[in-house]
Amino acid sequence: TVTAEGGPGGAGIGSGGEGDGDGGSHITITGGTVNAIGGYWGAGIGGGGFKSGNDITITGGTVTAEGGTCGAGIGGGGNGGNAENIIIRGHSKVTATAGDGAAIGGGSANGSGNDYVGGSAKGIVIRDHATVVAKSDGGYWLGDSCAAIGAAGDKGKDTEAEVTIGTAGATAEQEDVHVTATGLYGSAIGSGIKDTKVTIQGHSTIRMESRKNSTAIGSNYGN
């Protein structure tokens, strides 16, 4: 069992915060039990504050990831962290939670008015026999477009979300994906303002809830 907790601004597993080099990338978990808790602004797994979380692969094991203030559970750090190429596959069992970031995807955007940056989530893939539970409690001040799986843009005009669940053409014998996604002010899956693409295919079971947003899949504020 591995338990990792980030210091101020740092991810539980990944990068440090502002000024501490590049974002959290090329992270692979293949098995075991992993508990990762982000520090203030840090993702549980991925980027620290102001940093992106890219190329994160989970192929097995039981993983619990909790984002710090504004950070994603798995993905970008708070205050501008994007997420790209997060792949959860095999027989992984993943639980990801966040406050004002996506549970899996972008950390909260950073800026003011129409000048927000960060918060996008592209190349998010969940497939094979993975079981994923993702919950974001994004508050209204930062979370009104904050997905459980996807972007966390606070109505930022340039956030994008790209999520794929399942494998095209897979049968029940080949694949059995289970995803539970719960948003608060954002969609359960999606929430990109500039662009949202959600693909559900293969043999996938999805349970979704967006408690204060009318859109379960997609974006209530954008395309």
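**View 1. Isoleucine 58 meets its bridge partner, isoleucine 88, in strand 9.** This close-up comes from a predicted model. Strand 9 covers residues 83-88 and is joined to strand 6 by five bridges, with the two strands running parallel.

**View 2. Threonine 57 sits in strand 6, residues 53-58.** Is threonine 57 buried or exposed? Its relative accessible area is 19%, so threonine 57 counts as buried, the limit being under 20%. Beyond its neighbours within four places in sequence, threonine 57 is in contact with Ile27, Thr28, Ile29, Ile87 and Arg89.

**View 3. Tyr40, Trp41 and Phe50 form a cluster linked by ring pairs.** The structure holds two aromatic pairs. In one, the ring centres of tyrosine 40 and tryptophan 41 are 5.3 Å apart and the planes stand at 40 degrees, so this pair is tilted. In the other, tryptophan 41 and phenylalanine 50 have ring centres 5.2 Å apart and planes at 90 degrees, which makes the pair edge-to-face.

**View 4. Here are the members of the aromatic cluster again, now by accessibility.** Tyrosine 40 is partly exposed at 49% relative accessibility. Tryptophan 41, at 27%, is partly exposed, and phenylalanine 50, at 28%, is partly exposed too.

How values were computed. Residues numbered from 1 in each chain as written. Predicted model: local features only at pLDDT ≥ 70, side-chain atom pairs only at ≥ 80, totals over all residues. Heavy atoms only, no water. Helix = DSSP H or I, 4+ residues; strand = E, 2+ residues; numbered from the N terminus. Buried < 20%, exposed > 50% of the residue type's maximum accessible area, 1.4 Å probe, protein only. Contact = heavy atoms within 4.5 Å. Pairing = 2+ DSSP bridges. Phe/Tyr/Trp six-rings, centres within 6.5 Å; stacked < 30°, edge-to-face > 60°.
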